[in-house]
Amino acid sequence: MTTLVDWLRDPSPTSRRQARLGQSYLAWLRLKRNHLAMIGLAIVALLVIVAALAPWITPHDPITQNLRERLQPPLTAGHILGTDDFGRDILSRLIMGSRITLFIIALVAVTAPVFGLLVGTVAGYFGGWTDEILMRITDIFLAFPKLILALALVAVLGPGMENAVLAIAITSWPPYARVARAETLTVRNSDYIAAVRLQGASAARIIWGHIMPMCIPSVIIRVTLDMAGVILIAAGLGFLGLGVQPPMPEWGAMISAGRKYLFEQWWVATMPGMAIFIVSLGFNLLGDGLRDVLDPRNSGK
Amino acid sequence: MGRRSDPAPRLPMTDTADFTPPSRLGVIFRQSAGVLISLAFTFLGLLLVTFIIARVVPIDPVLSILGDRATEAQIAAERTRLGLDKPMVEQFGIYIWQAIHGDLGVSIRTKQPVISEIAQYFPATLELATLGTIFGVLLGVPAGVLAATKPGSWADQIVRLIGLMGYSMPVFWLGLMGLLLFYGILDWVGGPGRLDAAYDMMFQFEVTPHTGMILIDTALAGRWDMFANAISHIILPASLLGYLSMAYISRMTRSFMMNELGQEYITTARVKGMPERRVIWVHAMKNVMVPLITVVALSYAYLLEGAVLTETIFGWPGLGSYITDALLVGDMPSVLGGTIVVGVCYIGLNMVSDLLYKLVDPRARA
């Protein structure tokens, strides 16, 4: 273990991989000092673990109705978080619902940033008219309020998980394009790009292999912080009945179902909201910490 | 802001001999032209997107008007009347022309023009979002300043945590929890709606709706009992929106203020022996206000949108309720009309903040 740490902390690394891993290790050490960020990381890790193991750790079937046990309060035997209006165990539904949440986050996280990166780097690298047109389009999407555009899109496409993801992705890519363009502008005239160009590399190769990697840190920070917002929008769509359809245990839809019983059986709406809040807070805490660590503007301190 | 006629604004970098401050309004007029052009482009883009959405929608506008028993001839006539037989480009041209003239189509549900319906719903949203923004500024700015003056302290941590929590809570859930606690359990506030049911009837018959904003209208009519009732209804949703806005404003204020407090003119002011309160609230605040204008405008726009989900919770008859109700019955002209109005507010607020920015900060006018 100590030899690994020594190898990572070696001030004169012998290979590119050693240098890169050493840098990551130092970033990790800085992140570890930030308690709030570590709490965030723990929450996100917990979400992933729970979602991965969901079918095996749910105490009850999350879908099957059991009307004899409907609306049981929390802490009743066998139902730690109580049951909903169809007698389904809320904890089991939350656990299964974590899969849906994670699935939506993952899909948005692999589509929107990639598309935004592509638009931003192309605009920044080529400049001129390409830049002008691409950035105008980006601005138009930025001028739309996110949630309302997502609502209108889902209304057109029809409710459902895939369409919700598509709508969220369409509303989330513009900020990535902005970030990536700004990063591209700072590196596109640097010597190493000129060197690659003199070697005869194509524009596609320069953008893909030499500019996009430079944008990755700022994009990662944004993705982490954005995921909190994505969770909230997805839950909002679910709440309005436009996202994942019942009986799937989507957290936002669960809140909506609990609304009828708010004043008498408060737990039905409260519990899924807590789940959304905790997971979203986790991403926010982690993203905040990552920004402190990875953002080059902060590294001077 | 108040000393607009001051010929030599006390700002750094005015020490060059030939420096003549440009006339503020003159420069702003010149720059407004550029702003207006880019504004027009964005507006066209907005319309293009809603046009595309409206044209790919699976709901056939002809069928939704005539029903499925219409004859072929009736359908063809209706298509001609709606202009659906014209080429797409021409249809888009007509669409733009109508939108500029305030014609956002006819609601499928009520057969009323969308724009006049929105005009009825919009003031309620405006009232809510405005009050929310006021709360957000009143709480967020001092909180941000407090956090910036004592970085790393427990106060800083608490402000940061409260802010992060605001970013992480689903607003509709927060609204439900607020209703449960303050209405259901404590009974401190009025429930959903803008007034108690009893006052609601009275309001319709006895108060002239000058503005559509209930607090202003009841105050103008001198009906203070009704005013108090309206306050008890608006206070909860406005506080929730205010919390969201505070989360954003306090965070930005903190980072702006931290940035200013590191500047040399602050050190100078402190060395002169100026009281710390004056250093922060007069000297630093002046420069913090400049970027803060943009932040407040953005958060205002954000609240107009955040109101969509809040309104459904509180039965608030605003634009958000209008859009979501229309959505559930597939009334696309209303949904898209609402989208355009919110989009226009977005663009407008951005422009206003841009112009204010230039009015306040001479450096942005170069």
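**Close-up views of a predicted two-chain model**

**View 1. Chain A is built from helices.** From the N terminus on, the elements of chain A run α-α-α-α-α-α-α-α-α-α-α. The model is predicted. The count for chain A is eleven helices and zero strands. Its C-alpha trace spans about 75 × 55 × 30 Å along the principal axes.

View 2. Chain B gives 46 residues to the contact, and chain A gives 42 residues. About 3,800 Å² is buried between chain B and chain A. Of this area, 79% lies on carbon and sulfur atoms. On the side of chain B, the residues that lose the most area to chain A are B:Ser168, B:Phe172 and B:Trp173. Together they make up 15% of what that side buries.

View 3. Two salt bridges are found across the interface of chain B and chain A. In one salt bridge, the side chain of A:Asp288 meets that of B:Arg160. The N to O distance is 3.1 Å.

**View 4. Helices of chain B supply the side that touches chain A.** Six elements of chain B each supply at least two residues of this side: α1 (24-56), α6 (154-168), α7 (171-185), α12 (276-314), α13 (319-328) and α14 (332-360). The largest share, nine residues, comes from α1(B). By class, the side of chain B that touches chain A holds 32 nonpolar, eleven polar and three charged residues.

View 5. What is the volume of the largest cavity? The volume is about 80 Å³. The structure holds one cavity of 30 Å³ or more. Rolling a probe the size of a water molecule over the atoms shows where empty space is left.

**View 6. Residues of chain A line the largest cavity.** The lining includes A:Ile100, A:Thr101, A:Ile104 and A:Ile105. Also in the lining are A:Val230, A:Ile231, A:Ala234 and A:Ala235. A:Glu250, A:Trp251 and A:Ile276 complete the list. Which elements give two or more residues to this lining? They are α4 (90-126) and α9 (203-239) of chain A. By class, the lining of the largest cavity divides into nine nonpolar residues, one polar and one charged.

Key. Residues are numbered from 1 along each chain as its sequence is written. Chains are lettered from A and ligands numbered from 1 in the order in which they are written. This is a predicted model: local features need pLDDT of at least 70, side-chain atom pairs count only at pLDDT 80 or more; totals for chains, interfaces and linings use all residues. Side-chain values use heavy atoms; hydrogens and water are left out. Contact means heavy atoms within 4.5 Å. Buried area is the accessible area (1.4 Å probe) that two parts lose on being put together, summed over both. A salt bridge is a side-chain nitrogen of Lys or Arg within 4 Å of a carboxyl oxygen of Asp or Glu. Helices (H or I, at least four residues) and strands (E, at least two) are DSSP runs, numbered from the N terminus. Ala, Val, Leu, Ile, Met, Phe, Trp, Tyr, Cys and Pro count as nonpolar, Asp, Glu, Lys and Arg as charged, and the others, Gly among them, as polar. On a 1 Å grid over the protein atoms alone, a cavity is a set of points where a 1.4 Å probe fits but cannot get out, and a pocket is an open set with protein on both sides within 12 Å along at least five of seven lines; lining residues have an atom within 4 Å of a point. Grid points are joined across faces, edges and corners, and a volume is the space filled by probe spheres set on the points.
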